[in-house]
Amino acid sequence: MASLITQSAPPAPTGRPRARLASVRLHYTLLDGTWRPSATDLSAELRVLVPVLEQVRGPVTRLLLGAANWAIRPHHLFTAGRVITVGYVAGRSPAMITVICADGGTFTLRVAPPGPPPGEREPGPLGTRAGR
């Protein structure tokens with residue numbers, strides 16, 4: 001099994017999202033990885049995330065999320081010529097997403113709050129870091 005750590009930051013020059021896959025050494029882990037969306041537009045963020053998820057276990061058929069923290073909550077995602085169902089679980093933590101794959105397998109990711117990671121600031125004028 002693989003662990004997925006990704007950010008849906010602007011794609012790298014190759015057009016692919018930045019992602020890192022690593023082996024899971026312990027098979028009783030609660031979470032299989034972390035995802036940090038760059039904005040609250042869930043449709044756009046999932047279009048970047050799904051191809052990375054499919055590298056872990058094959059085609060994704062359904063995603064289950066908490067409804068909080070998303071400005072727009074799509075129920076279907078159209079990608080790669082197919083439809084992925086997006087469901088929302090009442091009372092579920094917005095910090096988790098469950099991925100269900102075509103082979104019946106599932107994995108769970110922690111969802112970090114949208115935006116840049118803590119400690120990183122948005123670039124200031126002329127590409128410098130704000131606050132320096």
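These are my notebook entries on a predicted model.

**Ground rules.** I number residues from 1 along each chain as its sequence is written. The model is predicted, so I take local features only at pLDDT of at least 70 and side-chain atom pairs only at pLDDT 80 or more, while totals for chains, interfaces and linings use all residues, and side-chain values use heavy atoms, without hydrogens or water.

**Entry 1: the layout.** I began with the fold elements. The chain has one helix and eight strands. I take these from DSSP runs, numbered from the N terminus: helices are H or I with at least four residues, strands are E with at least two. Along the sequence I read β-β-β-α-β-β-β-β-β. I then looked up burial. Of the 132 residues, 36% count as buried. Buried means under 20% relative accessible area, exposed means over 50%, and partly exposed lies in between (1.4 Å probe, protein chains only). I also looked up contacts, meaning heavy atoms within 4.5 Å. Among those between residues at least 6 apart in sequence, 59% join residues at least 24 apart.

**Entry 2: the core.** Which residues have the most contacts inside the largest nonpolar core? I found Trp35, Leu46, Leu53 and Leu63, in a core of 20 residues. Such a core is a set of buried Ala, Val, Leu, Ile, Met, Phe, Trp, Tyr and Cys residues joined through side-chain atoms within 4.5 Å. Helix α1 gives the most, with six residues. At least two residues each come from α1, β4 (60–65), β6, β7 and β8.

**Entry 3: the aromatic pair.** I counted one aromatic pair. The rule takes rings of Phe, Tyr and Trp (its six-membered ring) with centres within 6.5 Å; planes under 30 degrees apart are stacked, over 60 edge-to-face, the rest tilted. Tryptophan 35 and tryptophan 70 are stacked, at 6.0 Å centre to centre and 20° between the planes. Tryptophan 35 sits in strand β3 (residues 33–36) and tryptophan 70 in the loop between β4 and β5 (76–79), so the pair ties together parts 35 residues apart in sequence. Tryptophan 35 is buried at 0% relative accessibility. Tryptophan 70 is buried too, at 6%.

**Entry 4: salt bridges.** How many salt bridges does the structure hold? I found two. The rule asks for a side-chain nitrogen of Lys or Arg within 4 Å of a carboxyl oxygen of Asp or Glu. Arginine 82 meets glutamate 54 at 1.9 Å, N to O. Arginine 82 lies in strand β6 (residues 82–88) and glutamate 54 in helix α1 (residues 42–57), so this bridge ties parts 28 residues apart in sequence. Arginine 82 is partly exposed at 26%, and glutamate 54 is partly exposed at 21%. Aspartate 103 bridges to arginine 57, with the closest N and O atoms 3.0 Å apart. Aspartate 103 is in the loop between β7 (96–101) and β8 (106–111) and arginine 57 is in α1, so the linked parts are 46 residues apart in sequence. Arginine 57 is partly exposed at 36%.

**Entry 5: arginine 92.** I found arginine 92 in the loop between β6 and β7. Arginine 92 is buried but has no salt bridge. Aspartate 32 is in the loop between β2 (19–23) and β3, and is buried at 10%.

Notes: Lys, Arg positive; Asp, Glu negative; His and termini not counted.
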